Amino acid sequence: MTKIVVTRPIPGNVLAPLAAFGEVMVAPYDRVMTPAELCAAVSGADAVITTLNDRVGSEVLRAAGPRLRLVANMAVGYDNFDGAAFLDHGAVATNTPGILVEATADLTIALLLDVTRRVSEGDRIIRSGQQWSWDIGFLLGAGLQGRRLGIVGMGAIGQAVAARADVFGLEVVHHSRRGPDVVGPSTRIDFSELLGTSDIVTLHCPLTAETRHLINDEALNRMKSTAYLINTARGPVVDESALCRAVRRATIAGAALDVYEDEPRVHPGLLELENVVLTPHLGSATTETRTRMAAVAVDNVVAVLSGHEPVTPIRWP
Ligand code: GLV
């Protein structure tokens, strides 16, 4: 009998189409499975639906066994998958491109406004019962009009951020390895110039060997002391220890992060910094987006188990 494993309970009836193919086993945990639990759960599976928290490498693929035809990641990023192990095993891997573009771009703008206008700081002042009153110099932030936004990684999310930023009157530049020099309102410049001239740097590149710790001491030292860093991409793109140092020493003005190097752990130094906004990986967290992500994972399983091409395959380099 065909076995389909889903690593996290998924609300609603998105999984319903899978029942026609065999037994659907949803992990009974409302948390990330340990590697041992994941290996046990996938044993003998034909298809597996994962989230970005499930690391799938040779051990998990071996544990699944030769029947495994597909692992469908409910995420656009797939740095939790080991491409070499997939190529070795032969199972197809899929992700959910295109679907979380708007939600992630919206959250990026929310963080941009929060950190530059000190929204969370103001909220903390009120909640902590501190005395406050309107004052000419109270909690001043940075206006956006005419400032420069530097986008690192000009894929679909970077482009959606550029379109929103343009409406706010920001000048938009980007750095990406491929693509045209002009994308919507944005012009491509080199990475070092982007760091040195942007008032806000926002990260929208995938996590790869080249982008791990792209934002390190050297990159942060290149940024303006009045500039902000935003990361809604993947935590390890930023060296969090270097970021703590840079904010503490006022090498940069502040940061807003949705993703962390070792989620769900957050570097303790970041927690102490008033001018760092922290959200718990909410980029795709709208009901509509999460439902569509699950639906696309299901569509991929249905396609592959029906003998068709996957809808959104990951192409390994
Ligand atoms: C979210 O972070 C995703 O990659 O889907």
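Visitor: Which residues count as buried here, and what relative accessible area does Cys 39 have?
Guide: Buried means under 20% relative accessible area, exposed means over 50%, and partly exposed lies in between. The model you see above is a predicted one. Cys 39 falls under the 20% limit and therefore counts as buried, its relative accessible area being 13%.

Visitor: Is Cys 205 buried or exposed, and which cysteine holds the closest sulfur to its own?
Guide: Cys 205 has a relative accessible area of 10%, so this residue is buried. A disulfide needs two cysteine sulfur atoms within 2.5 Å, and the sulfur of Cys 205 is 19 Å from the closest cysteine sulfur, which is too far for a bond. That closest sulfur belongs to Cys 244.

Visitor: How many disulfides does the count come to?
Guide: A disulfide is a covalent bond between the sulfur atoms of two cysteines. With the cut-off of 2.5 Å between sulfur atoms, the count of disulfides comes to zero.

Visitor: Which residue is the bridge partner of Arg 148 in strand 7?
Guide: Strand 6, residues 148–152, and strand 7, residues 171–175, run parallel and are joined by five bridges. Within this pairing, the partner of Arg 148 is Glu 171.

Visitor: Where in strand 11 does Thr 202 find its bridge partner?
Guide: Strand 10, residues 200–203, pairs in the parallel sense with strand 6 over four bridges, and there Leu 149 has Ile 200 as its bridge partner. Strand 10 also runs parallel to strand 11, residues 228–231, and four bridges join the two. Ile 200 and Thr 202 point one way from strand 10, Val 201 and Leu 203 point the other way, and all are buried. In strand 11, the bridge partner of Thr 202 is Ile 230.

Visitor: Which residue of strand 3 is the bridge partner of Val 5?
Guide: Strand 1, residues 3–6, is covered on both faces, with Lys 3 and Val 5 buried on one side and Ile 4 and Val 6 buried on the other. Strand 1 pairs with strand 2, residues 23–26, in the parallel sense over four bridges, and Ile 4 has Val 24 as its bridge partner there. Three bridges also join strand 1 to strand 3, residues 47–50, and these two run parallel. In strand 3, the bridge partner of Val 5 is Val 48.

Visitor: Which residue in strand 4 is the bridge partner of Val 48?
Guide: Strand 3 and strand 4 pair in the parallel sense over four bridges. From strand 4, residues 70–73, Leu 70 and Ala 72 point one way and Val 71 and Asn 73 the other way, all of them buried. The bridge partner of Val 48 in strand 4 is Val 71.

Visitor: Which helix gives the largest share of the lining of the largest cavity?
Guide: The largest cavity has a volume of about 40 Å³, and its lining includes Val 48 and Val 71. By class, this lining has eight nonpolar residues, no polar ones and no charged ones. The largest share, three residues, comes from helix 2.

Visitor: What is the volume of the second largest pocket?
Guide: Among the elements that give two or more residues to the lining of this pocket is helix 1 (35–42), and another is helix 2 (58–64). The lining divides into seven nonpolar, four polar and three charged residues. The volume of the second largest pocket is about 170 Å³.

Visitor: Which side chain does Ser 284 join in a polar contact of 2.9 Å?
Guide: Ser 284 has its place in the loop between strand 13 and helix 11 (287–305). At 10% relative accessibility, Ser 284 counts as buried. The polar contact of 2.9 Å joins the side chain of Ser 284 to that of Arg 290.

Methods
Residues numbered from 1 in each chain as written. Predicted model: local features only at pLDDT ≥ 70, side-chain atom pairs only at ≥ 80, totals over all residues. Heavy atoms only, no water. 1 Å grid on protein atoms, 1.4 Å probe; cavity = no way out; pocket = protein on both sides within 12 Å on 5 of 7 lines; lining within 4 Å. Points joined across faces, edges and corners; volume = space filled by probe spheres on them. Nonpolar A, V, L, I, M, F, W, Y, C, P; charged D, E, K, R; others polar. Pairing = 2+ DSSP bridges. Buried < 20%, exposed > 50% of the residue type's maximum accessible area, 1.4 Å probe, protein only. Polar contact = N/O pair within 3.5 Å; in protein donor to acceptor, adjacent residues only side chain to side chain.
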